[in-house]
Amino acid sequence: MKKIISLGLAAVLLVSLGCAKSPTGRSQLILFDGDKMAQMGLESFETIKQEQKVSTDPKLNQYVGCVADQIIKVLPDEWRSDWEVVVFDSEQVNAFALPGRKIGVYTGILNVAENADQLAAIMGHEVGHVIASHGAERVSHNTAAQMALKLGAAATQGTEYQQATMSVLGLGAQYGVLLPYSRTHESEADVIGLKYLMQAGFKAEESMELWKNMNALGGERPMEILSTHPAPDTRINNLAEHIEKFRAQGVKALYPRPNCRR
Ligand SMILES: [Zn+2]
């Protein structure tokens, strides 16, 4: 019975949603609506806050909040309010953004992102995944078809549902179910994030420095941002190319560079 209901729901979503365009103009198949994704994001964020240690260090929170505020200022109109930013006290080199407007930054990543510009590059990338509906797009594709049926039957709030949700949102590293974003999604998030970085008044070239630092980490790469092992040079070249392109297009700082200090 449950399966029949789920298929019915999927069919309704298929009809009512469908083709969309990402911020870079790429055509997308989106079978999940924003409210559903936001609900998934909110639930996952609550779980993470319960399970991970939230940092109460005022300096660190102020620093991360300062960078986040600046990025949020340059997002598209409808995305400029109601974000929650939480710093997690953990050595993990990790950060994420979720539909439902949640940003998580692990203290471990602050050792890799050497300055506010590099932290802004990470946040721009993560927020880029959200604004480009990458989670929703992922639920709408192939392997995600089954997952979508499970998620459609949201009545089941057990472990299986939670894991499926987490993996779709790129949160699997901590929960053993990481489903990496595709290279298309990673490159697109890099490009979207770079534009925010430039408009927010941060130093564009620091995005390339960030990747050099990330790549120097080597070894295990549990975090979302490194999960697809894109060739480091390709990623850095893509950024260099788009810095030129955006400058040629007249993309520039809409605000002075903020003085975010740790
Ligand atoms: Zn990513």
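Contact here means heavy atoms within 4.5 Å, and I take helices (H or I, at least four residues) as DSSP runs numbered from the N terminus.

I note that this is a predicted model, in which local features need pLDDT of at least 70 and side-chain atom pairs count only at pLDDT 80 or more, while totals for chains, interfaces and linings use all residues. Residues are numbered from 1 along each chain as its sequence is written, and side-chain values use heavy atoms, with hydrogens and water left out.

**Entry 1, helix H9.** I looked up H9 (residues 206–217), which has 12 residues and reaches 17 Å from its first C-alpha to its last, close to the 16 Å expected at 1.5 Å a residue. Among its buried residues (under 20% relative accessible area, 1.4 Å probe, protein chains only) I found Met-208, Leu-210 and Trp-211. What covers the buried residues of H9 includes helix H4 (116–131), H8 and H10.

I read an angle of about 175 degrees between H9 and H10, with their axes 9 Å apart. That makes H9 roughly antiparallel to H10, the word used for angles over 145 degrees. The contact is made by residues that include Ser-207, Met-208 and Trp-211 of H9 and Leu-239 and Ile-243 of H10.

Notes
Helix = DSSP H or I, 4+ residues; strand = E, 2+ residues; numbered from the N terminus. Expected span 1.5 Å × (residues − 1). Buried < 20%, exposed > 50% of the residue type's maximum accessible area, 1.4 Å probe, protein only. Axes fitted to C-alpha atoms, helices over the stretch in contact; angles between N-to-C directions. Parallel < 35°, antiparallel > 145°, perpendicular 65-115°, else oblique.
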